[in-house]
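Please have the viewer open as you read.

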Amino acid sequence: MKKIDRFIAKSYIGPLVLTFLIATFILLLQFIWRYMDELVGKGLPLVDVAEFLWYACWTFVPLSLPLAVLLSSLMLFGTLGEHYELVAAKAAGLPLRRLMAPTMVMSVLISALAFYFTNNAVPQAYKLHRQKYHEIQTRRPAVSLQEGVYYYGIPDYVIRVGKKRDEGRYLEDVQIYDHSQHKGNCAVTMSKKGGMYTLEDGRYLIFNLFDGYTYGEDIANNGQSSLTAGRQAQYPFTRIKFDTQTLILDLSKYDSKQNTDNLYVKHQKALALKPLGKEIDTLRMRLQERVGNLVSNINSRNYFLSSLIGNDSAVRASFNESVVNDAKTDGYVLPEATLRDVREAAALSGALVDDMEYYERDVSYLSERLNAYRVEEHKKFSLSVGCLILFFIGAPLGALIRKGGMGMPVVVSVLLFVSYYVLSVIGEKAAIEGSLTCTLGAWLSTFVFLPFGLLLTLQVTVDASFLDADTWRVYWKKIFRNKR
């Protein structure tokens, strides 16, 4: 490696690491601000908070790495242009594309490393991050228990509080629904005031309640439905008034290590390429199965409708009781067999509409999930390609701007990266909703920025005056002079 290559490489690595750390830190601050109310002042151990933030930092790499590549390349070649080192290299017979060679090789290596990192480290970090957040919510209900909102974070229980102060030590308007018997809302406790705290590092959740009632319904142990022979079954109803009551909820059985480890393992962001492919195949088979069930259901219903009211059942399926009533009003009495056929046809058509609405919701949900997994599969590659494209944009722009440091390069980098990120989000949302294909949605920002990067790189290759700032100054001066 020549001295010029070592010089360019060292000058590129420093800003790259610095900007990567700065970008990650800024994203971490934004993340902390988002979860500020849930983490700060809740009595959480510092180790749990640090572990939660540590896993979150790893998930920021897909955002911070492209920004670091763009900003560092802008800073490097902007500094070289500001100190007239690009002019000296050109005078020595070294074009700009020769100076870009070592950084180009490093960018390719960074892109390959980004793919490996996105495919292996980021999914694992996302899974651990979400599992840790679930653990904090389960072991520290005060973290996520909000005023006036039903809380479902504890299995078999639903909790609602009107007001909460002092990390849950003082509560007002408390409602606790006990579903541990799996027989519906047959046990409810309500109190005007109370407090909550945990014991043994979150194993037990204690409620001290004051001035309230406990309502219960003694359902038989056989678990029969409350509807018996079309009538509401009667069960003994109890109401107990209390001045003071203590409820102890054992959370250890809901927060086992095995249960926590099984959470989020099938989420698209927690899967590598191979598991993603398996989930995509599974979802595609389920979607085809649901569509096949819908078609067979429509065909079977149409067969019965045709046998009742003729072959034009698709048109006449809208018959209902109003047809029968209109016929009676006009003085024409339909035969009883015809009336029965019309009623059956109306019932079948109504059931067909209900089934189609259900299948439509189910197919729409499965389609969105399938699109989300397919978009995530494309994103494994789009990050690496995005890093490379942003480098080919940043390096020529740095030579054009001829400004180093953290001033103008930061402004230009932020504007370009925000545009890149917004296009990525828009494409992903549109692809998941089905407005765009998954390929086009996942690669939308790349398709938009690729011509821009190719144009700048081509201008560098042919050493055109397009990248010369003096050319633009002369051009704008001529325009203003002509206007005068």
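The notes below cover the sheet and its strands, then the cysteines.

## About the model

This is a predicted model, in which local features need pLDDT of at least 70, side-chain atom pairs count only at pLDDT 80 or more, and totals for chains, interfaces and linings use all residues. Residues are numbered from 1 along each chain as its sequence is written, and side-chain values use heavy atoms, with hydrogens and water left out.

## The sheet

Let's begin with the overall layout. Five strands form an open sheet in the order β1-β2-β3-β4-β7, with antiparallel pairing. At its edges are β1 and β7 (237–250), each of which pairs on one side only. From one strand to the next, the twist averages 25° (axes are lines fitted to C-alpha atoms, for helices over the stretch in contact, and angles run from 0 to 180 degrees between N-to-C directions).

A strand here is a DSSP run of E with at least two residues, numbered from the N terminus, and two strands pair if DSSP finds at least two bridges between them.

## Strand partners

Strand β1 (residues 157–165) is joined to strand β2 (residues 170–178) by eight bridges in the antiparallel sense. Arg165 sits opposite Tyr170 of β2.

On to the next pair: β2 and strand β3 (residues 187–199) run antiparallel and share six bridges. Here Gln175 has Met190 in β3 as its bridge partner.

## The cysteines

How many disulfides does the structure hold? There are zero disulfides, a disulfide being a pair of cysteine sulfur atoms within 2.5 Å. Cys387 is buried, at a relative accessible area of 1%, and Cys438 is buried too, at 4%. Buried means under 20% relative accessible area, with exposed over 50% and partly exposed in between (1.4 Å probe, protein chains only).

Methods. Helices (H or I, at least four residues) and strands (E, at least two) are DSSP runs, numbered from the N terminus.
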